[in-house]
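Work through the exercises below with the structure in view. Each task is followed by a solution in steps.

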Amino acid sequence: MTTVQDAVPGVIGTRVLRREDPELLTGEGRFTDDLKIPAALWLGVVRSPFGRAKILSIDTSAAKAAPGVVAVYTATDLQSEWAGPIPSAWQVTPDMKSPAHYPLASGSANYVGDPVAVVVANSPKEAADAVGMVDVEYEQLPAVVDLEDALSDRVVIHSELGTNVSYVWELNPNPDGIKTAFDNAAYVVKERYIQQRLIPAAMEPRSVAVVPSPMGGDYTVYSATQIPHILKVMLGLTVGISESKIRVIAPAVGGGFGSKLDVYPEELLCLALARKHRLPVRWTEERSENSQATIQGRGQVQWIELAADANGKLTGVRADIIADMGGYQQLITAGVPLLGAFLYHGVYDTPAYAFKCTGVYTNKTPTDAYRGAGRPEATYAIERAMDALAVKVGVDTVEIRRRNFIPTESFPYNSPAGLVFDSGDYAANFTQGLNFAGYDALRKKQAEMRASGSKKHLGIGISFFVEMCGLAPSRVLASLNYSAGGWESATVRILPTCKVQVVTGTAPHGQGHETSWAMIAADKLGISPDDVEVLHSDTAISPFGLDTYGSRSLSVGGTAVYIATERVLDKARKIAAHLLEASEEDLDYAGGNFSVKGSPEKVLPLAAVAFESFTAHNLPDGMEPNLEASTSWDPPNFTFPYGTHIAVVEVDEDTGKVDLVRYVAVDDCGNRINPLIVEGQVHGGLAQGIGQALFEEAVYDETGNLLTATLADYLVPSAAELPSFELDHTVTPSPTNPLGVKGIGEAGAIASPPAVMNAIVDALSHFGKINIDMPASPEKVWKAIQATKA
């Protein structure tokens, strides 16, 4: 007798605890460095101590004679190991200039940390000791660290290029319109902002281990990476090994924030040397290496101009930026600024728009994607400039935004930059945010504090952001000359005992995909999420995927899971109809049970269908056994989450110290699969964005030496420096995907820097015009106050 399955309530939208957490919180997570690999050799990397230097000679003899050392290699020794240079996947213009970049520098070193030799030893300690014995003779050369200096070509870093300019990329779809807007403007605002360099500082430094098969020829690569699938392709192309012979596994990964979205010299070296020595080879980054050898984020000089009519209504937005590439191109270095190129008008309705980006090389660590990747830079420029426009027009910052929001009835909105914003109700979200924060009461309190003569000054800063995420569709990426696509893969199989396996091409490293993907499949199938196993981050188990970055995982990868689940259920419906002797159209499905409409006694649980599909004793003619379906989802458009963020600060006039006393965020990421995970993602993004506004900066001296190479100098905020975040939300589903989701992982990092900086400027607005660049350290703020009194 068939037992009817107990109904399971829908789980999407509920606060399910993350299944990943117990293992991580109890120290049971297995990171790459935790792996026990017998007979493994260890790498130590010799790095340049100079920002720019000619390599005159390398003497490896002492290192080779050191205890435990197996070999020492220079660029010359390993040149035959490479099928090509380290890959750059984004040739943003046909004439983009890129120097050849190999895992070990040859001839010259171009940033502090540039690898120049590698030691292979029996232990990490022996490798580290031998690194110090490699004698490299350098001739230090003049370095370029300032972006405007780089643009001048006073010193050309890569002589073979003839210039420091890598590319110039322009977007000007309406040149006559932008000229007319500024020629006829009643108000013009022109602002210059700095996006300082940031060090991602993931909790787990990078780590890689390559294990060759006993007979050679096949290689398993363990890496703390966000991109196991992309890494597999790039390893094969660069080292000259068939992709079919490479398996990449990303074990537990302790954060990435874009810094592990790359192909690094150490991964290539480990693979090449495992092939050469026919033994496992591994390397784990030291924290001091991390600040130099792992990519850095941001690094821009921005000019933004707004044209407005007599009512303060925008008629044109024009942005011109210089973007810091660092010493070389990494995987998507050149393209990162372009991820914000379409968004410098923000959430505001303007008929004319122009953008220009000039990418330049400097003698600093290469830049690449860092949480938000181009979108924080765009949001910062437009949201800071909107406050400047409010001052010029003589209205409140709230009013200037309300006059310029894209109207709700205009969605889907054809932006002046050429995008189609999927959905939005900006005015409603903004009103909810202002009410949630108690905006009017805050302004009243500010006035009272000023009237009392207090030396503590209250400031209220607003940031309203929109971001382009769900990185896709593939054809749009092709139009931008990006080498990869934007699709994502998923396979869903229902096992004979009605347990479910979900195989995903996404590669989580803190986002909670195991929990959320199980919820998506369970909700569709009417079963418990506990009956769903999610498999990921292993290219042998999940051969197709484009991994995790750019807030794409849910809207692309999660949708793929939903569609594959739907296809499995469709097959199960056909089998159930056959077994119940009914048409498919006459079947209902709810709570894990098929039933015939009008005949409540004719019920068949999914578990029975799953077992029947396995035995194949009574399947419809021509139907294959087993319940399994796969899909690769390539969405028709990006998704566009948005939200209101409000920061409240107190600034001490005597010391310049800034206290962030409140932070309010009302985000709209479409439908929320798991509100608990959404809130956690917002919290993490806010910590990083506030860190940029108040604390963090990678500082270089004129020789290219990194002055903030340790966590004693590079200030990463902790909970003690942050208030309790006050979160709310609105829901505007995206029509782009069947889940109606958008993305949330980068929202906090995008919206918070301008909110905090606008609050600081607002706190001191009665002193006159205030100019402060991030991070707003007490010294910078105090000097800005003194400048108004001079």
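**Exercise 1. Charges over rings**

Find the distance from the charged end of R206 to the centre of the ring of Y264.

Solution. The test is that NZ of Lys or CZ of Arg lies within 6 Å of the ring centre and within 35 degrees of the ring normal. The charged end of R206 is placed over the Y264 ring, 3.7 Å from its centre. In another case, R318 lies over the face of F182, 4.0 Å from the ring centre.

The model is predicted: local features need pLDDT of at least 70, side-chain atom pairs count only at pLDDT 80 or more, and totals for chains, interfaces and linings use all residues. Residues are numbered from 1 along each chain as its sequence is written, and side-chain values use heavy atoms, with hydrogens and water left out.

**Exercise 2. Aromatic pairs**

Classify the pair F411 and Y413, then the pair F421 and F640.

Solution. Rings of Phe, Tyr and Trp (its six-membered ring) pair if their centres lie within 6.5 Å; planes under 30 degrees apart are stacked, over 60 edge-to-face, and the rest tilted. The whole structure holds 22 aromatic pairs. For F411 and Y413 the centres are 6.4 Å apart and the planes meet at 55°, so this pair is tilted. Both F411 and Y413 are buried (under 20% relative accessible area, with exposed over 50% and partly exposed in between, using a 1.4 Å probe and protein chains only).

For F421 and F640 the values are 4.6 Å centre to centre and 20° between the planes, and the pair is stacked. F421 belongs to strand β17 (residues 420–421), while F640 is in the loop between β25 (627–633) and β26 (642–652), 219 residues apart. Helices (H or I, at least four residues) and strands (E, at least two) are DSSP runs, numbered from the N terminus. F421 has 0% relative accessibility and therefore counts as buried; F640 is also buried, at 0%.

**Exercise 3. Two packed helices**

How do α7 and α8 pack, at what angle and with their axes how far apart?

Solution. Axes are lines fitted to C-alpha atoms, for helices over the stretch in contact, and angles run from 0 to 180 degrees between N-to-C directions. Helix α7 (residues 228–239) packs on helix α8 (residues 265–277) at about 55°, with the axes 10 Å apart. That makes α7 oblique to α8 (under 35 degrees is roughly parallel, over 145 roughly antiparallel, 65 to 115 roughly perpendicular, and the rest oblique).
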